[in-house]
There are 2 protein chains.
Amino acid sequence: MQFDEVVQTRRSVHEYNDDPIDRETLDDVFETATLSPSGYNLQPWEFLALRDDDRKETLRELAYDQAHVTEADTTVVVLGNTDPTAHADPVFDDWLAKGYLPNEEARDGLVENVEGMGELPVDERRIWTTRSTSLAAMTLMYAAWDHGIATCPMEGFDAEGVAEAFDIPDSYEPVMLVTLGYPAEGTADIENERKTRRPVDEVVHYGEFDPVEETSLGEVSGE
Amino acid sequence: MQFDEVVQTRRSVHEYNDDPIDRETLDDVFETATLSPSGYNLQPWEFLALRDDDRKETLRELAYDQAHVTEADTTVVVLGNTDPTAHADPVFDDWLAKGYLPNEEARDGLVENVEGMGELPVDERRIWTTRSTSLAAMTLMYAAWDHGIATCPMEGFDAEGVAEAFDIPDSYEPVMLVTLGYPAEGTADIENERKTRRPVDEVVHYGEFDPVEETSLGEVSGE
């Protein structure tokens, strides 16, 4: 699909049909997601992909009984490692090997920077991992739709409960859930008019930050 | 460009040529970014786009003197509104008008949910806004590259200093910077071999979360 078409036609879909996603396609979607950028290329993202009924049922209970968690072929818990140092050594070895760094000293300097980040308060490291991990989640959703697989990102779930139910260590942040499946025919999420976006001249500030007092979103949706 | 090509060829580029980005193209890139999903479609993202030399110089000083901040045609401060309630009313009016909600009562219920989110501690609201705003930032970077405009996301900057220098209220989180410009010929960021990504079988866990003890990234980069 053309890039523009992927972005313009992607919608958050809550209703799926029963067509299974084949594992090769799913792997391909995840692999595309890993091409996302991240600070220092540290790639803190990991994905817990739930496909069997029991596990999806457990997750659905922890996601306030939202039905699409079990109706989707696959529901993914998008996780962020909150430890910036987890992969720093091999990442910077790679930079050195490929000529992005002039020498071992530069490499060691970067490792030190990242070690400093590793000492930040946990809330700052949660924000750090949410940032990069969300970039990968966005790519995941577009990559899925490029294969005709609809998605829905979800932030309404009991993160602590999810961590406990699926043995996720405290050092990971459950960033969001993403459901994946082929869309049900005639689902409102695709058939209904697209939900309005705030207009570009409201969200983009050239040169000076001049927040609007009142969104013009209401007017636009009436057009 | 085909979607796959956009994702496969996008690189974080630090060196730009002097070709200006025309304003219409830039607006189009931002408009595409706004098509990203967000929790409840609340769209907390705003973008401060700096294009003149003085403002970019100020920002560069606050970004540890990283040269591409001034060399890029445009450097964007990606901001997240930390108040989930900021646009809730018109967003849910839009849902009601388009048939996503059955009645006013359902609409008011959603407004109440979001008001509850608005009472969360500030750190949780920072994470909330970082999540949605990063989704839009990812779309922004792909949309730019679809026009041949290279980008580089940056998280290394003095966020408080940036807020102060550009009169950004406390209620906004400076989530990241993104430089935008046409890539300089022969830049290492494009000419050098791509930085390695962690392999898909390491970052995706099917059914059970089984973190690897040691990344295999080093081996892969040697291939």
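In what order do the five strands of the open sheet that includes E1(B) run, and what is the pairing?

Tutor: This is a predicted model, and what follows describes that prediction. The five strands of the open sheet follow the order E5(A)-E1(B)-E2(B)-E4(B)-E3(B), and the pairing is mixed. At its edges are strand E5 (204-206) of chain A and strand E3 (150-154) of chain B, each of which pairs on one side only. On average, and ignoring direction, neighbouring strands of this sheet are turned by 25 degrees against each other.

Inside the sheet, strand E2 (residues 74-81) of chain B and strand E4 (residues 172-181) of chain B run antiparallel and are joined by eight bridges.

Helix H7 (residues 122-146) of chain B lies across E1, E2, E3 and E4 of chain B, and runs at about 10 degrees to E4(B).

Phe47(B) shows the contacts at the level of one residue. Leaving out residues up to four places away in sequence, Phe47(B) touches Val203(A), Val204(A) and His205(A) from chain A. Its contacts within chain B include Phe30(B), Val78(B) and Leu140(B). Phe47(B) is also listed, with Phe30(A), Phe47(A), Ile168(A), Phe30(B) and Ile168(B), among the residues with the most contacts inside the largest nonpolar core, which has 108 residues. In soluble globular proteins, nonpolar side chains tend to be buried together.

A rotation of 180 degrees with 0.0 Å of shift along its axis superposes chain B on chain A, with an RMSD of 0.0 Å. That is the relation of a two-fold axis. The same surface serves both copies, as 100% of the contact residues of chain B recur in chain A. The open sheet of five strands there has the order E3(A)-E4(A)-E2(A)-E1(A)-E5(B), again with mixed pairing. Its edge strands are E3 of chain A and strand E5 (204-206) of chain B.

Here the pairing can be followed across the sheet. E3(A) and strand E4 (residues 172-181) of chain A are antiparallel over five bridges, and Thr151(A) stands opposite Leu180(A) in E4(A). Strand E1 (residues 45-50) of chain A pairs with strand E2 (residues 74-81) of chain A in the antiparallel sense over six bridges. In that pair, Trp45(A) stands opposite Gly80(A), and Phe47(A) stands opposite Val78(A). Between the chains, E1(A) and E5(B) pair in the parallel sense over three bridges, with Ala49(A) opposite Tyr206(B).

E1(A) also illustrates how covered a strand of this sheet can be. Six of the six residues of E1(A) are buried, so this strand is largely enclosed by the rest of the structure. Trp45(A), Phe47(A) and Ala49(A) point one way from E1(A), Glu46(A), Leu48(A) and Leu50(A) point the other way, and all are buried.

Note on methods. Residues numbered from 1 in each chain as written. Chains lettered and ligands numbered in written order. Predicted model: local features only at pLDDT ≥ 70, side-chain atom pairs only at ≥ 80, totals over all residues. Heavy atoms only, no water. Least-squares fit on C-alpha atoms with pLDDT ≥ 70 in both. Contact = heavy atoms within 4.5 Å. Core = buried A, V, L, I, M, F, W, Y, C linked by side-chain atoms within 4.5 Å. Buried < 20%, exposed > 50% of the residue type's maximum accessible area, 1.4 Å probe, protein only. Pairing = 2+ DSSP bridges. Helix = DSSP H or I, 4+ residues; strand = E, 2+ residues; numbered from the N terminus. Axes fitted to C-alpha atoms, helices over the stretch in contact; angles between N-to-C directions.
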